[in-house]
Protein chains: 2
Amino acid sequence: MTERILGPAHPTSAATAILRPLFLGAVTFTPDSLLGGWQDRNATRTLPHCVDQLDAAGALDNLRRVTGEVEAARRNMWFADSDVYKTLEAAAWQLGRTPDDAELRAFLDTTAALVAKAQGEDGYLNSYFAVDKPELRWRELHWSHELYCAGHLIQAAVAAARAGVGAQLVTVARRFADLIVERFSTVDDVDGHPEIETALAELYRVTGHRPYLELARRFLDLRGRGLIDGERFGPRYLQDHVPVRDADEVAGHVVRQLYLLAGVVDVAVETRDEQLLDAARRVWADAFGTKTYLTGAQGSRHRDEAFGDPHELPPDRAYGETCAAIASFQANWRLLLATGERKYADEMERALYNVIAGSTALDGTHFFYSNPLHLRTGHDGSHEDAPSQRLPWYSCACCPPNFARLVASLSGYVATTDQGGLQVHLYTAGTLRTTVDGADVHLVTRTEYPWDGRIELTVTTDAALVLALRIPGWASGALVDGEPADVRDGYAEVRRDWSAGVTVTLDLPMPARIVRPHPRIDAVRGCVAVTRGPLVYCLEQADLPEGVTLEDVRIDPAARFAEGRLPDVPVTLTARGSVEPPASDELYGAGARAPGEPVELTAIPYFLWGNRTPGPMRVWIPVATTE
Amino acid sequence: MTERILGPAHPTSAATAILRPLFLGAVTFTPDSLLGGWQDRNATRTLPHCVDQLDAAGALDNLRRVTGEVEAARRNMWFADSDVYKTLEAAAWQLGRTPDDAELRAFLDTTAALVAKAQGEDGYLNSYFAVDKPELRWRELHWSHELYCAGHLIQAAVAAARAGVGAQLVTVARRFADLIVERFSTVDDVDGHPEIETALAELYRVTGHRPYLELARRFLDLRGRGLIDGERFGPRYLQDHVPVRDADEVAGHVVRQLYLLAGVVDVAVETRDEQLLDAARRVWADAFGTKTYLTGAQGSRHRDEAFGDPHELPPDRAYGETCAAIASFQANWRLLLATGERKYADEMERALYNVIAGSTALDGTHFFYSNPLHLRTGHDGSHEDAPSQRLPWYSCACCPPNFARLVASLSGYVATTDQGGLQVHLYTAGTLRTTVDGADVHLVTRTEYPWDGRIELTVTTDAALVLALRIPGWASGALVDGEPADVRDGYAEVRRDWSAGVTVTLDLPMPARIVRPHPRIDAVRGCVAVTRGPLVYCLEQADLPEGVTLEDVRIDPAARFAEGRLPDVPVTLTARGSVEPPASDELYGAGARAPGEPVELTAIPYFLWGNRTPGPMRVWIPVATTE
């Protein structure tokens, strides 16, 4: 039953798409794999924590103010309804996997009923504008987030519809969507925060109701025409400075830009609009060619939570919002389906194992909002969005439930099919059942990935299946059954007679790898980073001898790394480095430095940082011989 | 007559002070000197421009709304009254120098009359709260800027009182100050934006009325006790996280911190409070030891216009607000008077010739708000506070009139006296007349400083004068009359029989000098800067051959520089460098680089950047041999 559930961003059969997603239930992660562990933690810790926090922080009470159940003052952001909707979406995906979770189902049903009760007679639904600013309804879309909240409601309903739960939520969302279609199909107005575009396209996919798709396209085409009041932040912040079809760079607020990009791809493939898809490819090339951190994080500026100039990538002031990385993962998935190109899967993996994974503590109940690559010695940590350690919740709580909805639906993102083929993009221990050309395909994967690069895939099928295995951009010397992989466009294609079951062994060598930045990234000049497989590593103050300041550590790029382990860290990387304390306090002068003293450097995966004592951390490490 | 005018920040004779300021009119700059040129441009271009803009941008109309002369909607920031007051202060200092400027006097008198008319019967004066938010008067000091605006009114009145102009302004300010004393001497409340502290101390200096000084001290001592609502920005932003006497670092919004520092020093010296002065020294050491740019700019973060963590000094995202540099100059002057230590004069010079000078275009009517040390290739320039070129005015127009009031009073900051001595801190061609121990002292200075390091000082006096000449921290090999200078605590002391007039020649050698950053300043690792004398130099795209991208330029720190000139640039520095375009577009990889092609690099003084075609600029230049 659950095997037939569609996952997120599932194009219709009429859409332009090189690759097709599997059913959500087609893939099961082995519980003790890394991804399986995340899904389990998400179900038992993160999702219940989000549910609790919706109550504690007032997001549910805001809706209860609409129904008259609560009379207290409104709390939290004016768009906090979206926290509720994202949690509902996470619950729906989770119930698609574990339909017997009675507590979660009760949350979903109770909350859907509350949302239904809070909906106006005409279908309007927004706890802030309904109660506090009824006179401003639809009137100040540049900041109101009304359609943004509607988009998240719709996405929750899409998940509920696909998972076959929360029917009431689907009714509510459709009523609201119909009102939106009625209101906006003739008025030239657009929301300052994109989200409605991808949501309407997905709702079209679920319902087949074409006006949703048409309105999504209309919203895209109205953007970039100066219709949005940009007085406070300017049109670039809102992606309103250039028509979507003409854009050739990402700009402004990162989450807005990337949610918009998801909508652009959704509409492009459903309307078979090559011009629109080309625009998506162009802005992607700008984002991932000049404005993305090594961890996959995006957003170089705290001010405006924005993309910076090309190659402006400061590690300490990386904003790298968690939501932005999730949006990046989702947009890359859409481009992967549309084009079949490996680079999009590479970026999904980079973001997933580094910035997204690092956003959440090992306990599953503490979260980063911003994900820097360097926490400086002396960091004040006073800003909520630049804390020294993960926090249990935020006044703007967009990130934690976003993480929950992604992880609950993660099995939808690992593999695809096309005619005659099964493509594996993300490797994890687990099982996969699907059909290719009408024939059942069964795949069992055994691997310790991402800790080890050996991946054993046992395929059983009567189909003349082409098994396409992604060879990540970071991998060199990949072997298939001990022979150098024959890599075409990023994938090793394996053809066998699978009928009796065949095990294919893929080896992706994972030595410690030194990475250098593009020379135009001024902020990390003279530094290198240590990576291993898909994982970016970092140094933490916690692993340095007492008295050594992290900023004074230097690395020899030719040093040899030894693998080890620490509690909760399956693979550490240790090498000899040096400490070069400043020879003087002079801020600007001759820059004389004391000779380096040797020190042992132990790096841990970036995504595990900040799980011990809070303290300085850095990904980019200065090279010993640098000026 | 004008020779007897006191300048800004003039302590009483009872104050703790190692050095004493001269009268404002004691010093006259030679018109064709750099500083003389600035003063002339300020009088003929900048000040009239500010006066025009006060009208055009609505700041005067806001006051006319209070008097009923204008009924239109309010325009501009809620604290725009302060723009009017700073311009009045500039006008007062300027009239102290050129009392016959009828047009400027008319502006001063008319505007003082308007301000007087806008004042409430009880003395209250604020165009925003009086008209738009009367119910909030004094109730939301964390954002209201009411005492901040009052502070600037008082400073304008102090200037008017000292310059002997605008008597009406003095009456208005005292009435308001008396109301403030009445209201705040018993209520535990503090303004979120410091300014009132230094203003009240200065008003005490002019009037001798001790309650002003006592309230200034009270405001200082109430800070850091959590009395200010810090919900939006947090207490560090407001310098409310720690009592002023316990602070050992600068924090938060830079301009607030530095105006506060000025008030701390003023109150410390007038109340002879060593503990308070020690606190000022400690936060100064933090600011200038770890949080100041090579140009003297401060403020590493656009977000919150704030100081960053120690050594967080990104050149491209330097906020470096013009007002912050002016505040730094003023605070350093106060510390110089209090302690006599050269380091404060060094920082005055650094800020004056680099960030402050660079804030204003050669035409005197265009201004930077933010003063970065690197304008990246591809900079979007869309933000008002990070434009690619200077703008004629800003919606928050704090900087231009701040520049005007500083330049109009600049002659007050160049020299001091103590018992038996005259100290020259800032060198410029001009004349100086003062008395030391009752004897007249006459000094004529001939120099091309800062373009040339030869300074000829002809002193005539009957006093047994010790002439103390500041030897800047950047200078090595200084000569006095051809002999190595005998430098004590940063000053060369010259004793002569001056009665017949003696010319002393000071030579401060000014070769091009390569400066390296402290190794903990990650953002400019592997780079050097070129300086000459007090001037920081920079490269501009405009001086590179076509097709060469500024980010690809490399420098050899051992290269020899040739001096040249360009239109409006008296001294350029030219050396051989190289261009190393990236070998690949890969953002993270092996970092391979193409071999460098030689290129001729011409550097110009930073303060002159952006006066030709708008385009990329950088102060810190990567070294050719860097990783």
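Trainee: Why does A:Ala331 count as buried?

Mentor: A residue is called buried if 20 or more other C-beta atoms, placed from the backbone, lie within 10 Å of its own, exposed if 12 or fewer do, and partly exposed in between. A:Ala331 has 29 C-beta neighbours inside 10 Å, and therefore it counts as buried. This is a predicted model, in which local features need pLDDT of at least 70 and side-chain atom pairs count only at pLDDT 80 or more, while totals for chains, interfaces and linings use all residues. Residues are numbered from 1 along each chain as its sequence is written, and chains are lettered from A and ligands numbered from 1 in the order in which they are written.

Trainee: Where is A:Ala331 found, and what does A:Ala331 touch?

Mentor: A:Ala331 belongs to helix α13 of chain A, residues 322-339, where helices (H or I, at least four residues) and strands (E, at least two) are DSSP runs numbered from the N terminus. Not counting residues up to four places away in sequence, A:Ala331 touches A:Leu258, A:Leu261, A:Ala262 and A:Val265, and two residues are in contact if their C-beta atoms, placed from the backbone, lie within 7 Å. A:Tyr259 is 72 residues away from A:Ala331 in sequence, yet their C-alpha atoms are 7.4 Å apart in space.

Trainee: What makes a nonpolar core, and which residues have the most contacts inside the largest one?

Mentor: Such a core is a set of buried Ala, Val, Leu, Ile, Met, Phe, Trp, Tyr and Cys residues joined through C-beta atoms within 7 Å. The largest has 428 residues, and A:Leu200 and B:Leu200 have the most contacts inside it. Leaving aside neighbours within four places in sequence, the contacts of A:Leu200 include A:Ile154, A:Ala177 and A:Tyr212.

Trainee: How many residues does each chain give to the contact between chain A and chain B?

Mentor: Chain A gives 45 residues and chain B gives 45 residues. On the side of chain A that touches chain B, β15(A) supplies the largest share, three residues. That side divides into 14 nonpolar, 13 polar and 18 charged residues, with Ala, Val, Leu, Ile, Met, Phe, Trp, Tyr, Cys and Pro counted as nonpolar, Asp, Glu, Lys and Arg as charged, and the others, Gly among them, as polar.

Trainee: How do you know that β21(A) pairs with strand β15 of chain B?

Mentor: Two strands pair if DSSP finds at least two bridges between them. Two bridges join β21(A) to strand β15 of chain B, residues 512-517, so these antiparallel strands meet the definition. A:Tyr588 has B:Pro517 in β15(B) as its bridge partner.
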